[in-house]
Amino acid sequence: MSNNDFLPLPDNPDCYEDLKDDNCYFVDKTEYLKTIFTSSTKVLLFTRPRRFGKTLLMTMFESFLKINPEKPFDTSVQQKYFKGTKILEDKEFCQKFMGQYPVIEISLKDVDGDNFEEAYECFASTIFRLASEYQYLLNSPNLSDSDKEELTYLNNLSYLANVKNQLRLKNSLRTIATALYKEYGKYPILLIDEYDVPLANASFHDLQNAKANSDDKKFKADYHSRMVTLMKGFFGILKDKKTLTKTILTGCLKVAKNSLFTGVNNFKVNTVLSENEDYTGIIGFTKEETYKFLKDYKMDNFAQKVKEHYDGYKFYDKEMFCPWDIVSFISDYYKKNLKGTLKLNRLENYWEGTTSDKSLSGYIGYLTDKDNQKMQDLVDGKAIGFQLNESMNYDCLSQHDSNDFWSLLLHSGYLTLDWQKTDEAELSKDSKTNKEIFARIPNLEILECFEHNIKHRFNTEIAPNSVANTLANNLFEGKAEIASDTIYNLLQSYISIRDNATKAPHENYYHGYLNGLFSNCSINFFSEYHSNYESGDGYADIVFKSKREDKVVIIEIKSANVGDDLISLSNDALSQIESKNYATPFMNKQMVRTIYAYGIAFSGKNCYVSVKKFK
């Protein structure tokens with residue numbers, strides 16, 4: 001490739017035909033068509049982190065295989081889109097598969113909503129858009145009137161979006177597949193991208209809704225269970241012996257077969273841990289593909305920097321790079337590099353903000369002190385060990401098992417398997433048996449994301465709102481001993497990762513901790529909440545007032561070295577509240593019936609709370 005004929009780089013590399021229409025640079029994965037579609041496996045699930053190219057792969061499969069409705073079994077469209085690719089060199093395979101199958105391709109990535117009803121409407125819209133692609137079958141002489149009637153229902157959005165009619169949504173894939181078979185005499189190929197997104201979103205919203213409705217004893221968080229029931233019916237077609245030729249699914253997490261895919265035979269899963277070299281390079285860029293990409297754009301002089309910042313993933317026998325990172329890096333900098341003006345002190349972080357980690361929220365406030373140390377070990381560049389539960393479901397997350405937390409980090413791309421430290425015999429265990437594995441942060445980019453997204457979140461959102469509400473209520477009632485025990489217990493689960501760069505006073509550290517804790521109280525729990533509040537002759541660390549404005553709490557924070565006398569220090573904090581008259585502005589307010597002042601002394605993960613009633 002000369003300096004004058006660089007191919008454009010895709011802005012949104014999710015659609016194979018769009019990429020080819022724009023004549024964009026393409027890393028050729030077409031040889032995997034033969035690997036997959038000549039195998040005897042009927043149902044194959046690929047799980048990989050987001051932004052690794054799953055959607056592009058699925059749209060490439062569709063483009064190669066699908067029958068052209070206007071000219072059935074004509075391959076001129078495929079000849080255009082696959083010109084110059086490796087797969088066209090295999091004449092025998094192309095003759096048998098290229099443009100020869102009806103294809104149903106659907107993505108569930110947009111199925112979301114604050115509750116099941118909203119998500120169901122979104123699901124219905126997705127099926128409606130899918131069914132509209134097959135409206136031409138309504139004029140087919142090969143379909144019966146009842147076949148056409150069922151297709152007509154799927155093309156009626158207002159009907160389909162009514163949750164009372166969900167049976168037709170559950171049967172939608174079977175309806176479309178049956179019609180395509182009658183039209184072409186071949187069982188369709190089914191491609192489902194991001195199959196697990198509806199379940200991940202449902203699990204997240206159940207946790208959020210349970211938190212928001214913690215005071216309502218009648219509230220039941222059943223969004224996830226209802227979504228599972230819906231999707232069991234939707235995937236029911238996979239149990240049919242003669243409805244589909246093959247099914248390919250992609251997602252981030254392997255949902256246990258016994259939950260969604262009960263009764264599905266000849267079902268195989270390929271994950272980032274699978275010891276199957278036939279598939280390890282299918283999703284993502286291999287080291288060789290990445291270095292060739294850099295060389296093609298005259299950027300191979302940055303190969304070492306790119307390796308340090310974006311490499312580190314290992315899928316069985318191959319080093320893998322995230323395509324989103326490599327395409328974005330080259331797109332941003334190759335023109336500047338050609339001009340000789342490019343100087344890179346650090347590489348951009350492209351992965352942050354592009355991937356969802358909603359499911360991790362359920363573990364806030366539940367991780368142990370051992371998990372805290374694992375967090376620190378990861379930041380320090382070490383590998384950590386844990387039990388990988390390969391049969392976990394999204395509904396397992398409510399059990400708050402820390403092994404599932406680390407498993408989620410592995411599957412979502414925050415961690416990668418350490419193949420050297422992990423015993424090979426562990427990986428050979430049955431998928432129903434937990435495996436003892438080791439994992440590490442793959443590269444500098446993910447380390448930065450880990451510190452920003454995981455460390456920060458678990459440093460600030462450290463308790464469910466029910467715990468925060470209870471603590472605040474105890475402080476309103478002057479129950480210092482109970483409050484002290486509550487804060488101590490929370491400190492044991494607090495993700496206190498060392499930050500050697502900070503030079504701020506330790507009081508600031510604990511001040512931020514308490515602010516984060518009280519931010520988890522229910523909405524409108526306080527009528528007022530102030531941090532560093534100007535009061536009397538100084539600034540009180542924290543002041544808050546009850547919803548009825550009849551109770552006030554004033555908190556002064558102190559910190560000490562491990563082993564220091566926390567009782568004396570907490571009493572010193574109370575003396576400061578009194579000497580600086582922090583309570584004075586509230587003393588003459590008739591609505592305020594009680595004022596409690598608290599001195600809270602911290603030392604590492606220990607604390608002591610002293611109290612004095614001013615009114």
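Predicted model: local features only at pLDDT ≥ 70, side-chain atom pairs only at ≥ 80, totals over all residues.
Across the whole structure, the search turns up 20 salt bridges. I will go through a few of them.

Start with Lys86 and Glu31. They form a salt bridge, and their closest N and O atoms are 3.9 Å apart. The two residues are 55 residues apart, so to speak of where they sit: Lys86 is in the loop between helix H4 (76–81) and helix H5 (91–97), and Glu31 is in the loop between helix H1 (16–21) and helix H2 (32–37). Lys86 is partly exposed, at 38% relative accessibility. Glu31 is partly exposed too, at 48%.

Next, Arg226 and Glu117. Here the closest N and O atoms of the salt bridge are 2.8 Å apart. Arg226 belongs to helix H12 (residues 223–234) and Glu117 to helix H6 (residues 116–132), so this pair ties together parts that are 109 residues apart in sequence. Arg226 has a relative accessible area of 30%, which makes it partly exposed. Glu117 is also partly exposed, with 36%.

Now a pair on strands. Glu528 and Lys545 form a salt bridge with closest N and O atoms 3.2 Å apart. Glu528 is in strand E12 (residues 526–535) and Lys545 is in strand E13 (residues 538–546), 17 residues apart. Lys545, with a relative accessible area of 6%, is buried, because the cut-off for buried is under 20%.

Last, a network. Salt bridges link Lys287, Lys307, Asp311 and Glu319.

Note on methods: Residues numbered from 1 in each chain as written. Heavy atoms only, no water. Salt bridge = Lys/Arg side-chain N within 4 Å of Asp/Glu carboxyl O. Helix = DSSP H or I, 4+ residues; strand = E, 2+ residues; numbered from the N terminus. Buried < 20%, exposed > 50% of the residue type's maximum accessible area, 1.4 Å probe, protein only.
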